[in-house]
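User: I'd like to learn how to read charge pairs and strands in a model like this one. Please give me the general idea each time, then the case at hand.

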Amino acid sequence: MSPKAGKPLVQNDAGSYLAWSGKDQPALAGEKLGCGLLVLKPLGFALPHYADSGKFGYVLGGSAVVGVLPVGLDARERVVRLEAGDVIAMRAGEVTWWYNDTDGEDVTIVFMGDTAGAVSPGDISYFVLAGPMGVLGGLDAGLLATASGLTSPEQAATSFRSQPAVLLTRLSRKLQDVRPREHDRHGIVVNAARV
């Protein structure tokens, strides 16, 4: 197998996401391995999304804040800071968002996942919740207003359909209320250098 470059699925001023496809590399599909590379520039934000495959992310460089909403009705969001050398595990269906809150350094994370149960073996498929390709945007605005606690369908339509970004967006300023919690790392994050 000769190495091939990943194909950019998203590339803009917030960063990029490259994927290695099982269609281009049959060995990946044969092993049911999905691979991707996320680069987030400062103030880069990956919109909330979930994948059809369990995977882990290894932070090659930089620092980021990540939110993980585990699958289940009684689940609570876990917010963690990731540094170079950290490995984070995510199950299929868990909603995550990624945010580079640093001032001058890109964060780079490589993902690998078991795609045996995926839509396409060798590929990790992502489902974005909001924005032009978001799964929530297709729901009735009245239903979204009721489910989210917004007061009107117009507010819901604005909230869930106004985001123009497909997956990555660059924020105009830092998010003030994002606070990673050290105890949230338990069970989902380890540092490869300390194991």
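## Charges and strands

Analyst: Let's start with one side chain: Lys174 has a relative accessibility of 34% and counts as partly exposed. The cut-offs are under 20% relative accessible area for buried and over 50% for exposed, with partly exposed in between, using a 1.4 Å probe and protein chains only. Before going on, note that this is a predicted model, where local features need pLDDT of at least 70 and side-chain atom pairs count only at pLDDT 80 or more, while totals for chains, interfaces and linings use all residues. Residues are numbered from 1 along each chain as its sequence is written, and side-chain values use heavy atoms, with hydrogens and water left out.

User: Which residue forms a salt bridge with Lys174?

Analyst: General idea: look for a side-chain nitrogen of Lys or Arg within 4 Å of a carboxyl oxygen of Asp or Glu. For Lys174 the partner is Asp103, with the closest N and O atoms 3.2 Å apart. Lys174 sits in the loop between β12 and β13 and Asp103 in the loop between β9 and β10, so this pair ties together parts that are 71 residues apart in sequence. The element numbers come from DSSP runs, counted from the N terminus: helices are H or I with at least four residues, strands E with at least two. Asp103 itself is exposed, at 69% relative accessible area.

User: How many salt bridges does a search of the whole structure find?

Analyst: Nine. One of them joins the side chains of Asp184 and Arg76, at 2.8 Å from N to O. Asp184 is in the loop between β12 (168-170) and β13, and Arg76 is in the loop between β6 (63-69) and β7 (78-83), so the pair links parts 108 residues apart in sequence. Is Asp184 buried or exposed? Asp184 counts as buried, at 0% relative accessibility, while Arg76 is partly exposed at 44%.

Another salt bridge joins Arg81 and Asp101 (2.6 Å, N to O). Arg81 belongs to strand β7 and Asp101 to the loop between β9 (95-99) and β10 (107-114), so here the parts tied together are 20 residues apart in sequence. Arg81 counts as partly exposed at 26%, and Asp101 as buried at 17%.

User: What about a buried charge with no salt bridge, and which side chain of opposite charge is nearest to Arg78?

Analyst: Arg78, in strand β7, is buried yet has no salt bridge, and Asp184 is the nearest side chain of opposite charge, 4.5 Å away. Now check the backbone too: the Arg78 side chain reaches the backbone oxygen of Asp184 at 2.8 Å. That's a polar contact (a pair of N or O atoms within 3.5 Å; within protein, one must be able to donate a hydrogen and the other to accept it, and residues adjacent in sequence count only if both atoms are side-chain atoms). Leaving out residues up to four places away in sequence, Arg78 touches residues including Val66, Val68, Arg181, His183 and Ile188, where contact means heavy atoms within 4.5 Å.

User: Now strands: how many bridges pair β6 and β7?

Analyst: Two strands pair if DSSP finds at least two bridges between them. β6 and β7 pair over six bridges in the antiparallel sense, and Ala64 has Leu82 as its bridge partner in β7. β6 is also joined to β9 by five bridges, again antiparallel; there Val65 partners Tyr99 and Gly67 partners Trp97. Six of the seven residues of β6 are buried.

User: How do I read the faces of a strand, and which residues cover both faces of β9?

Analyst: In a regular strand the side chains alternate between the two faces of the sheet. In β9, Val95, Trp97 and Tyr99 on one side and Thr96 and Trp98 on the other are all buried. Three bridges also join β9 to strand β4 (residues 44-51), antiparallel, with His49 opposite Thr96.

User: And the open sheet: what is its strand order?

Analyst: Its seven strands run β1-β2-β3-β10-β5-β8-β13, with antiparallel pairing. β1 (7-12) and β13 (189-191) are the edge strands, each pairing on one side only.

Notes:
Lys and Arg count as positive and Asp and Glu as negative; His and the chain ends are not counted.
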